[in-house]
Amino acid sequence: MASSSSFELRHRRPQSTAEPSDPDDLTPQQRKSANGEPSMEIGWGIPFIVLIFARIVSARSNLIHDCDETFNYWEPLHYLLYKSGFQTWEYSSEFSLRSYLYILLHALAAAPASWWFGVEQKVRVFYFLRLILGLASTISETALIVAVSSKYGRRLAISTLLLLAFTSGCFIASTSFLPSTFSMYAITLASAALLFERPALSVSVAAIGVLLGWPFSILTAVPLVIYALSTGNFKRVFWSGAITSIGVMVLSVLTDYYYYGRWTSSVLNLLLYNVAGGGGSHLYGVEGPLFYLRNGFNNFNFALVFALLFFPIMLITKKKDSVPLTVVVSPVYLWLTFMSLQPHKEERFLYPIYPLICLAAASVIERFPDLVQRFQAVYEESILVQVAKVLRPLTLGIILAICHSRTNALLYGYSAPMDVYKHLAGLRNVPNESVLCVGSEWHRFPSSFFLHANVSEVQWINDGFRGLLPIPFNETLGGTASAPSYFNNRNKASDKQYLVDLRTCSFLVELDVKRDHISRGSDSSMWETIFELPFLDKDRSPILYRGFAIPGAWESRNVFGTYRLLKKKPYLSGES
């Protein structure tokens, strides 16, 4: 009888899985209560070092993935620092859709570098500011890692750290000069504050991200705000958020007044244009409902799949104290659903939730053993549980290896434009008042920070594009306060945007993808190539091989064009 009872006890399914037996899964409070001694938890040092290294690499090598980053942020910043740069219709005081407070914040950060390096080394100012962006990303993500470690244990924190540091999506977003990236910093930091049980701080930081960064990211902050108000001191949380919001709005309106020359609010104008006014985002392209899932898989591969499984896995495993984690991760579902329903889609619109995707994916991966125990009556030491534990680092390794391949594919395939312009910036003996001409490659112009000091202007060549292009800020019309008549909100080309006389060009940048039409640079009687690099021709390269750098197949299976910097031949340079 005793033997039978013993046999039954040995094979009985564990009744409770609330307290993990793996030391790395215990929170610091659980470890201390178990042995009476403080445990090793992740401090600020290791995550900061890992992340700052990854962000420095991103700052130095990341591409500009969207021409909006160039023309709506780098160019106005260049104008504030050097009094030259391109203006878009959104910055016309007639429309006033973009916040100058956001630009001014970055101008203050870049100003010391602009004074130090001068106009001759503007490209160094570009990379200096990128390092500042990388630092901001590092600080917000380190706070999240430490908060996760203190509340949910070291293992989950380490897995999240690895995904934050090395996934392609975070590599791209972390050092981009975009409001959606600023909102990403804020939501990440607000999530950390919530896990640190600082609800008032969480709401204030979220408010800054929404009002100073991207107003539409308010949806990502809603779960945090509701939870903070319901679990914290309501009055303190409410007034913290209200005072922060009012303060940011006042600063925003005053800054807009100073630069636009009239009383206006870019935050309200943007909301009214896109919501009450019906918006015009469809004028810039429409994508299907699966666009973000495809792009998300490119940037996070299986981590995105695991992130989307977060809610059902949490319901199955039923871990204690998972409500704050669920609140923090919930914007992934809200934002992805909301943005997928919008007709106009761009990859950068998902940036605010990128770190949360990493946290959600890591949470699911770390629950592999719990899933086994949930569905099988097994010991903690059973082979199935041990296999599940081995699968955790193996899965992370596969995700990060694929991400490494994706990141390298982007850098190997599309870095030529920035490298070509950096070569232009470093040229010697460039004549004063030189003119750079760009045709269909206008959207890959990396900003005026990459121009040589002696290049006085950039001119667009008419290659058939019928949309509205950026036009230089006009001091005679009022600079930032100008409302040029050639701008419109219908994306219709202006007769002022194109170069009239090609003979005024001193330099030419073009992409030769060896199509039927003849490139301008092929006229050897007029132009000489001074620098060129290969550039991936995505239309003629297979999806798999262009999307991921597969060793042994990258160069052989893909097709490449040539990105060129050309100079007008000396005996023609005097023509006008």
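1. Buried means under 20% relative accessible area, exposed over 50%, and partly exposed in between. By that cut-off Cys403 is buried, because its relative accessible area is 0%. The model is a predicted one, and the values below were computed from it. Cys403 takes part in no disulfide, and the nearest cysteine sulfur, that of Cys358, is 8.2 Å away.

2. Cys170 can be taken next. Its relative accessibility is 1%, so Cys170 counts as buried. Cys170 is in no disulfide either; here the nearest cysteine sulfur, again that of Cys358, lies 3.7 Å away.

3. How many disulfides does the structure hold? There is one, and it joins Cys437 to Cys505 with an S to S distance of 1.9 Å. The two cysteines come from distant parts of the chain, 68 residues apart: Cys437 is in strand β2, and Cys505 is in the loop between β4 (471-472) and β5. The link is left-handed, with -95 degrees about the S-S bond. Cys437 counts as buried because its relative accessibility is 0%. Cys505, at 2%, counts as buried as well.

4. Strand β2 also belongs to an open sheet of five strands, in the order β3-β2-β5-β7-β6 and with mixed pairing. β3 (455-460) and β6 (527-536) are the edge strands, each pairing on one side only. On average, neighbouring strands of the sheet are turned by 20 degrees against each other, direction ignored. β2 (residues 434-438) and β5 (residues 507-512) run parallel and are joined by three bridges. Helix α22 (residues 416-425) lies across β2, β5, β6 and β7 (560-568), and runs at about 150 degrees to β6.

5. The largest nonpolar core has 140 residues, and those touching the most other members are Ile103, Phe177, Tyr354, Leu436 and Trp460. Helix α6 gives the most to this core, with 12 residues. In soluble globular proteins, nonpolar side chains tend to be buried together. What does Phe177 touch, not counting residues up to four places away in sequence? Its partners are Glu69, Tyr73, Trp74, Leu77, Tyr102, Ile103, His106, Leu129 and Leu133. Ile103, in that list, is itself among the core residues with the most contacts to other members.

6. Helix α6 (residues 122-152) also holds Thr142. Thr142 has a relative accessible area of 1% and is therefore buried. Apart from neighbours within four places in sequence, Thr142 is in contact with Trp44, Pro47, Phe48 and Leu51.

7. Helix α18 (residues 331-340) is mostly covered, with seven of its 10 residues buried. The buried ones are Pro331, Val332, Tyr333, Trp335, Leu336, Met339 and Ser340. Which helices are included in what covers them? Included are α11 (218-231), α14 (291-300), α15 (302-308), α16 (310-317), α17 (323-329) and α19 (354-365).

8. The structure holds 47 aromatic pairs. One of them is Tyr100 with Tyr260, an edge-to-face pair at 5.0 Å centre to centre and 70 degrees between the planes. This pair links helix α5 (residues 100-117), where Tyr100 lies, with helix α12 (residues 234-260), where Tyr260 lies, across 160 residues. Both Tyr100 and Tyr260 are buried.

9. The pair of Trp442 and Phe465 is tilted, because the ring planes are at 45 degrees; the ring centres are 5.1 Å apart. Trp442 is in the loop between β2 and β3 and Phe465 in the loop between β3 and β4, so the pair ties together parts that are 23 residues apart in sequence.

10. One aromatic cluster is formed by Tyr73, Trp74, Tyr82, Tyr102, Phe126, Tyr127, Phe177, Phe182, Phe449 and Phe450. Phe177 touches Tyr73, Trp74 and Tyr102, among others.

Terms used:
Residues are numbered from 1 along each chain as its sequence is written. This is a predicted model: local features need pLDDT of at least 70, side-chain atom pairs count only at pLDDT 80 or more; totals for chains, interfaces and linings use all residues. Side-chain values use heavy atoms; hydrogens and water are left out. Helices (H or I, at least four residues) and strands (E, at least two) are DSSP runs, numbered from the N terminus. Buried means under 20% relative accessible area, exposed over 50%, partly exposed in between (1.4 Å probe, protein chains only). Contact means heavy atoms within 4.5 Å. A nonpolar core is a set of buried Ala, Val, Leu, Ile, Met, Phe, Trp, Tyr and Cys residues joined through side-chain atoms within 4.5 Å. Two strands pair if DSSP finds at least two bridges between them. Axes are lines fitted to C-alpha atoms, for helices over the stretch in contact, and angles run from 0 to 180 degrees between N-to-C directions. A disulfide is a pair of cysteine sulfur atoms within 2.5 Å. Rings of Phe, Tyr and Trp (its six-membered ring) pair if their centres lie within 6.5 Å; planes under 30 degrees apart count as stacked, over 60 as edge-to-face and the rest as tilted.
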